[in-house]
Amino acid sequence: MKRLRKKYIINKKYQYGAIIFALTIIFIIIFISIFVTHYFLLSTIIRKIEQTGYFPRGMELINLSFKPLVIVIPVIFILLALSYIVVIFISHRTAGPLYSLKKAMEQVGEGDLSVRLKFRKNDEIHDVAESFNRMVDGLRKKFGNFKSSSEK
């Protein structure tokens, strides 16, 4: 029988920060999209009123409402592309250290107990690096100093 996970928030600072960041990006994109759409829609209708002297109705109003989409849709795609780039850089703060951890674990698995993990200042999961280094130190004390895989 499958066990249900009971604790979803494990690293509160990181997870809540990621949630707030993602919601902020979504809010900004929605706000800018609404603002740009309304601005261009209203300016198009006002221009039509100034040109003709009457408020557009029916199909004319529908046709005018599609004109701003020519500007709004590219703006939305640009904002989404920028947010994608930002998320890639931020997620690298976790993915990079996990990649380093994986490589270090492979080295320890091959018998190299000289491995030390050190993450960059802004990387996440520093506590994992500390635990890993303590584990390797404990193995080194228990089993003695093995030669590194580069010395074999």
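User: Which residues are exposed on the other side of α4?
Analyst: This is a predicted model, and exposed here means over 50% relative accessible area. α4 also has buried residues, A129, F132, N133 and V136. On the other side of the helix, the exposed residues are R134, K141 and K142.

User: Within what arc do the buried residues of α4 fall, seen down its axis?
Analyst: The buried residues of α4 are A129, F132, N133 and V136. They line one face of the helix, because their directions seen down the axis of α4 fall within an arc of 100°.

User: Why would residues three or four places apart in an α-helix point the same way?
Analyst: The reason lies in the repeat of the helix. Residues three or four places apart point the same way because an α-helix has 3.6 residues a turn.

User: Which helix is included in what covers the buried residues of α4?
Analyst: Among the buried residues of α4 are F132 and V136. Both F132 and V136 also meet residues of α3, where the α3 side consists of L101, A104, M105 and V108. The cover over the buried residues of α4 includes α3.

User: Are α3 and α4 roughly parallel or roughly antiparallel?
Analyst: Helix α3 covers residues 69–109 and helix α4 residues 126–143, and their axes lie 12 Å apart. The angle between them is about 5°, and angles under 35 degrees count as roughly parallel. The two helices are therefore roughly parallel.

User: How many nonpolar, polar and charged residues are in the contact of α3 with α4?
Analyst: From α3 come L101, A104, M105 and V108, and from α4 come V128, F132, V136 and L139. By class, this contact has eight nonpolar, no polar and no charged residues.

User: What should the 18 residues of α4 span, and how far apart are its end C-alpha atoms?
Analyst: At 1.5 Å a residue, the 18 residues of α4 should span 26 Å.

User: Which residue follows α4, and what is its phi?
Analyst: α4 comprises residues 126–143. The residue that follows is G144, with a positive phi near 85°.

User: How far apart in space are H126 and T94, C-alpha to C-alpha?
Analyst: H126 belongs to helix α4 and counts as partly exposed because its relative accessibility is 31%. Leaving aside neighbours within four places in sequence, H126 is in contact with F119, R120 and K121. H126 and T94 are 32 residues apart in sequence, and their C-alpha distance is 10.0 Å.

User: How far apart are the end C-alpha atoms of α1?
Analyst: Helix α1 takes in residues 12–52, which is 41 residues. At 1.5 Å a residue they should span 60 Å, and this agrees with the end C-alpha distance of 59 Å.

User: Which helices are included in what covers the buried residues of α1?
Analyst: The buried residues of α1 are I25, I29, S33, V36, S43, T44, I45 and K48. Their cover includes α2 (58–66) and α3.

User: Is α1 roughly parallel or roughly antiparallel to α3?
Analyst: The axes of α1 and α3 are 10 Å apart, and the packing angle is about 170°. Angles over 145 degrees count as roughly antiparallel. α1 is therefore, relative to α3, roughly antiparallel.

User: How do the residues of the contact of α1 with α3 divide by class?
Analyst: On the α1 side the residues include Y14, F21, I25 and I29, and on the α3 side V75, L79 and L80 are among them. The division for the contact is 16 nonpolar, four polar and no charged.

User: What is the C-alpha separation of L80 and I25?
Analyst: L80 is in helix α3 and counts as partly exposed because its relative accessibility is 41%. I25, by contrast, is one of the buried residues of α1. L80 and I25 are 55 residues apart in sequence, and in space they are separated by 8.9 Å.

User: What distance separates the C-alpha atoms of V75 and I29?
Analyst: V75 is in helix α3, and at 25% relative accessibility it counts as partly exposed. V75 and I29 are 46 residues apart along the chain, with their C-alpha atoms separated by 9.2 Å.

User: What percentage of the 152 residues in the protein chain is buried?
Analyst: The chain has four helices and zero strands, in the order α-α-α-α from the N terminus. Buried means under 20% relative accessible area. The buried share of the 152 residues is 22%.

Technical notes
Residues are numbered from 1 along each chain as its sequence is written. This is a predicted model: local features need pLDDT of at least 70, side-chain atom pairs count only at pLDDT 80 or more; totals for chains, interfaces and linings use all residues. Side-chain values use heavy atoms; hydrogens and water are left out. Axes are lines fitted to C-alpha atoms, for helices over the stretch in contact, and angles run from 0 to 180 degrees between N-to-C directions. Angles under 35 degrees count as roughly parallel, over 145 as roughly antiparallel, 65 to 115 as roughly perpendicular and the rest as oblique. Contact means heavy atoms within 4.5 Å. Ala, Val, Leu, Ile, Met, Phe, Trp, Tyr, Cys and Pro count as nonpolar, Asp, Glu, Lys and Arg as charged, and the others, Gly among them, as polar. The expected span of a helix is 1.5 Å times one less than its number of residues. Buried means under 20% relative accessible area, exposed over 50%, partly exposed in between (1.4 Å probe, protein chains only). The arc is that of the directions from the helix axis to the C-beta atoms.
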